Amino acid sequence: MTSIGTGYDLQNAVFSPDGRNFQAEYAVKAVESGGTAIGIRCAGGVVLAVEKIITSKLLKPGANKRISSVDRNIGIVSAGLVPDGRHLVSRARDEASSWRKLYKAPIPTKALADRVGQYVQAFTLYSSLRPFGVTAIVGGWDSEAEVPVDGQVGSGPKVGAGGKVEGTKNGGPGLFMVEPNGSYWGYYGAATGKGRQTAKGELEKLDLSAGTISLEQGVKEAARIIYVAHEDSKDKEFELEMTWISSMDGPTKGRHQEVPKELREEAEKFAKKAMEGDDEDEEKPTEGEKMEE
């Protein structure tokens, strides 16, 4: 029994006979039409970057931000429909504010990704709603301060439910990606948007799981990857936007901030030089070609 052209894509709340939600799949297509966005988890923090295609010469550089702060220690970058991304950021800020009001502390990165994922998933359940046409990358740095017990309430038991687990590492960098169907996953490096496959391949080459890349190196690699992913649309001009979050001992003191202009320009020079080097390598004849000559 086929599910193509039989009307199962007309309503959001209806599964096809083979268990597919076509509206959620179409939302992924909307994401692929947007500029490339990436996140890199480094040894000392997280770097977020996005490729902003310039659709008009009248646009003011730096005025149309695509990366937003949710709390002091967390940022979100999205690819896909820009208005959907802004609505999702507004909801994420509400969740962060609610957490801070209730627990008197910043929301952990994973907890925010979970709450945003649940909100996005709710838009796949009702025929009166449509899924979000964005994929969001959430990056942050959670406090490394040791808490007395799980949940930060009272002294609690030394072991067992609600008790303190000895040797547990607290806080550190966090990077999650929330899909249009509401699912979210933790990553060392995440990519979404039009150049997702190219960017993903470049991220895999970095061996991010080893945790050896510094925050400054991460900024340079993020710029290079965005430039590589832009090659498929090199006839269009773009603007690179980057932010970072470091540890309390790092350059941002645990806060989500824009990458300084000097460092961003240095990273862009590094990216362009790397691209020129790749072009020269492609132009050089191989040993087999030399033998044929």
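**View A. Contact between helices α2 and α3.** His87, Leu88, Arg91, Ala92, Glu95, Ser98 and Trp99 of α2 meet Ala111, Leu112, Arg115, Val116, Tyr119 and Val120 of α3, where contact means heavy atoms within 4.5 Å and helices are DSSP runs (H or I, at least four residues) numbered from the N terminus. By class, eight of these residues are nonpolar, two polar and three charged, with Ala, Val, Leu, Ile, Met, Phe, Trp, Tyr, Cys and Pro counted as nonpolar, Asp, Glu, Lys and Arg as charged, and the others, Gly among them, as polar. The model is predicted, with local features requiring pLDDT of at least 70 and side-chain atom pairs pLDDT 80 or more, whereas totals for chains, interfaces and linings use all residues. Residues are numbered from 1 along each chain as its sequence is written, and side-chain values use heavy atoms, without hydrogens and water.

**View B. Axes of α2 and α3.** The axes of α2 (residues 82-103) and α3 (residues 109-122) come within 10 Å and cross at roughly 130°, the axes being lines fitted to C-alpha atoms over the stretch in contact and the angles running from 0 to 180 degrees between N-to-C directions.

**View C. Contact between helices α4 and α5.** The axes of α4 (residues 196-204) and α5 (residues 215-229) come within 8 Å and cross at roughly 145°. Thr198, Ala199, Glu202 and Leu203 of α4 form this contact with Arg224, Ile225, Val228 and Ala229 of α5, and the residues involved divide into five nonpolar, one polar and two charged.

Note on methods
Helix = DSSP H or I, 4+ residues; strand = E, 2+ residues; numbered from the N terminus.
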